[in-house]
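Thanks for passing this one along. Here are my notes, in the order I would go through them with you on screen.

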Amino acid sequence: MAFDGITVAALVQELKQNLTGGRIAKIAQPEADELLLTIKTPEGLRRLYISASASLPLIYLTTDNKPSPMTAPNFCMLLRKHIGNGRIINVSQPKLERIIHLDIEHLDEMGDLCQKKLIIEIMGKHSNIIFCDNHGMIIDSIKHVSAQMSSVREVLPGREYFIPDTMEKLDPLSTNEDTFSQMLSSRPMPLSKAIYTSFTGISPVVAEEICYLSGIDSFFSAKDLSKDMLIHLYRQFHYYMEQVRSEKFEPVIYYDGNAPKEFSALPLSHFNDLSRKDYSSISQVLDCYYSTRNTLTRIRQKSSDLRHVVQTSLERNRKKYDLQCKQLKDTENREKYKVYGELINAYGYDLAPGSKELTALNYYTNQNISIPLDPTLTPQENSQKYFARYNKQKRTFEALNGLIQETQDDIQYLESISSSLDIAMTEPDLAQIKEELIQSGYIRRKNTKKKVKITSKPLHYISSDGYHMYVGKNNLQNDELTFSFANGNDWWFHAKGAPGSHVIVKTNGNELPDRTFEEAGRLAAYYSRNRGSDKVEIDYIEKKHVKKPNGAKPGFVVYYTNYSLMIDSDISGIQTVEE
């Protein structure tokens, strides 16, 4: 979700409560576009993290500290000179802009009391941290913006600070019904887009939420709305903005499985199908959301080499499979050549020398058949030629059947590893997958004395009825769960005909309730290639009936009697256990 004006409003409320009256004890600049302010308040120390990064601009309260460079940058030294030990007297937000003003009171060189303003602009690639005097003149900024870089506004020492109004958006907190209706009626575009392009601080997700609350399709053209629809839409818009005005924020993160999908300062009704986690502060939301997203991004980057190995091997095996199937198709007529040889032996004794064809009765079908002949060969040699072709294609057919099965097994195995990479959440997960690829011969083990310690553990859930459910993250964990961890009477689940995780439900000798069977089935569906499907077929069986053939690849099992159920892959209501 975008770091929109409503999120900033919730953040301003939180900063007001925690920082007003506090003194700036320490100013650090860990990165070229970051600040970390340590502030002494009556309740204790608070750390305010500010980032003007073009890719991930942020501001929130944090408990984490970051190492600073040995030599402080110039902007950091300037702030220390002016507002070191300064007192924060106010935190504000102009209209609903993605801008935060920190008003700071301090003593100047003469000992006189004066004020400065630290302005944080959270505006994507245009994000900045600007330091101004009490007259609105820029003293300095963490990023300098010259006239060559921007024709809208210069951000340089000595220039006057102002907020550029390039989009001509309205303030949603002060917009009345007439202005709202006139603005939307003039926009020939989808309704949600018309809302977020007409008002400051509203992101596409919030615009979608307002449409959802009003019961109007977000793709409906804004200019085609009737007067009654506009009135109804404005009431929902006003109600939503009233929550912002009255600061009734409810910070929340919505999860798609284990991955955070969206965060918001107010609940989003159109995400009710996702699991949600409520927080007491917007800073906790931002810290958790972005740290988790950063972890997932980092893990995806670190897994790129493994994905390349798996994808390359998959493509190679798929090409091999297609070629083998084509060769197998070429052997379909092998029995015909056997019949040709037999019929030439049976009827070719009276053929004239140099004959190009033999017409004879096929005693297998009781129909006449024409057999092409090589006129340079005798009937016996023509017969031997057809028998030789038959035997060659027969050997090819028998060999290809085995090779095709091996190739199919390799494809299925590599697809299971690809699925494991999608599930991987931590570096130990990747280390275990890499070890599996090494054991399977897809990666060569480096000659190193350092032994890799595997600490990855299966996912752990508890059913609504209190039964513990475990999900293997990769094939090695699948084998461990099924054949070492599970008891004979525990239940085993797996998506039918699709790469995915083994799911084990510990029964403790009890008979499982139907609801637990359904929840375990959902886990098996979610942690498979069929994730996202409304109907996934799941095989389930007592673990004692699951066998592993000798020499089978990791994760490969066989079973001959099983139950089946059709289930969706929604696990939002299943409780997870943090290991």
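1. A word on terms first: a residue is called buried under 20% relative accessible area, exposed over 50%, and partly exposed in between, using a 1.4 Å probe and protein chains only. This is a predicted model, where local features need pLDDT of at least 70 and side-chain atom pairs count only at pLDDT 80 or more, while totals for chains, interfaces and linings use all residues. Numbering starts from 1 along each chain as its sequence is written, and side-chain values use heavy atoms, leaving out hydrogens and water.

2. With that in hand, look at E247, in the loop between α6 (227–245) and β10 (252–256). E247 is not a glycine, yet its phi is positive, about 55°. At 36% relative accessibility, E247 is partly exposed.

3. N508 also deserves a look: its phi is near 55°, positive in a residue other than glycine. N508 lies in the loop between β18 and α13 (514–526) and is exposed, at 62% relative accessible area.

4. D171 sits in the loop between β9 (138–141) and α3 (177–185). D171 is buried but has no salt bridge, and the nearest side chain of opposite charge, K95, is 5.8 Å away. A salt bridge here needs a side-chain nitrogen of Lys or Arg within 4 Å of a carboxyl oxygen of Asp or Glu; Lys and Arg count as positive, Asp and Glu as negative, and His and the chain ends are not counted. Apart from neighbours within four places in sequence, D171 has contacts (heavy atoms within 4.5 Å) with K95, L96 and T200.

5. Now the open sheet: seven strands, in the order β20-β19-β17-β18-β16-β15-β21, with antiparallel pairing. β20 (563–567) and β21 (575–576) are the edges; each has a single partner strand, so one side of each lacks a neighbour in the sheet. Strands count as paired when DSSP finds at least two bridges between them. Between β17 (residues 491–495) and β19 (residues 536–542) there are five bridges, and H494 has D539 as its bridge partner in β19.

6. Overall, the chain has 13 helices and 21 strands, taken as DSSP runs numbered from the N terminus (helices H or I, at least four residues; strands E, at least two). Its radius of gyration is 35 Å, well over the 25 Å from the globule rule for 579 residues, so the chain is more spread out than a compact globule. That radius is taken over C-alpha atoms, and the rule is 2.2 Å times the number of residues to the power 0.38.
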